[in-house]
Amino acid sequence: HLSIRRQRQMCIRDRAFPYLVLAGVVSILVFRIFQPYAFSGPGFFGLQPNPKWIDNLREQRAQSSGNVDFPPAMQWARRPVWFSGENLALWGLGLPLGILSLVGFLWAGWQLITSRPGAWQKHALLWGWTAFYFTWQSLQRNPTMRYQLPIYPTLEIFAAWAVVYLYDRFRPPAGSRTRFGWGQIFAAFLGVGILVTTFGWAFGFTQIYLRPITRIE
């Protein structure tokens, strides 16, 4: 059994390494094409970092850390640690999808804590990344909502997983006369309801920008 396990591990490693190298090359290539300001040039292979770009990063870092005081930073004073999460649920995902995402995230975390079979293989990577990134950004001096964008997809995955898990859990046993149980019907209505209400939430939010600005009016 140990030899078979080692062979599987070596096979996974040999298969994963070329894809990791490919991902790195593609990342560098995309960054070079879509962030030309970061390089001095003059040609495509002029990969020396642009000193002005580095200085701008340092300036922004100083502003976000509070070492430099300027008027736009005043809005972040005395913000609670849950500020970005609250905005993410209310304005980013919308309250229906935000609540379901939180439920799915906590549910998956509970399975990790209780060591449910297969939980670590299913949830550990996404759950750990989401928890780490959300905590890290929430503790920053300027916890703006847009900095949480990298975890929007993972939160939506946990929301979808919660619906699918609920549907599968209440599946009627083999040989049963009923094709669908009440739990499955509830899960289906829940999934459709979240989609509809999230669309309505986004539609209502976009209507704000189709009306005259109240201050000007």
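## The largest pocket

In this predicted model, the largest pocket has 15 lining residues, and Q60, Q63, S64, N142 and Y147 are the ones nearest its centre. A pocket here is an open set of points on a 1 Å grid over the protein atoms alone, with protein on both sides within 12 Å along at least five of seven lines; lining residues have an atom within 4 Å of a point. The space inside comes to about 310 Å³, counted as what is filled by probe spheres set on the points.

(Ala, Val, Leu, Ile, Met, Phe, Trp, Tyr, Cys and Pro count as nonpolar, Asp, Glu, Lys and Arg as charged, the others, Gly among them, as polar.)

## The second largest pocket

This one has a volume of about 260 Å³. Of its 15 lining residues, L88, G98, L102, F134 and L155 sit nearest the centre. The lining holds 11 nonpolar and 4 polar residues, with no charged ones.

## How the model was read

Residue numbers start from 1 along each chain as its sequence is written. Local features need pLDDT of at least 70 and side-chain atom pairs count only at pLDDT 80 or more, while totals for chains, interfaces and linings use all residues; side-chain values use heavy atoms, leaving out hydrogens and water.

Methods
1 Å grid on protein atoms, 1.4 Å probe; cavity = no way out; pocket = protein on both sides within 12 Å on 5 of 7 lines; lining within 4 Å.
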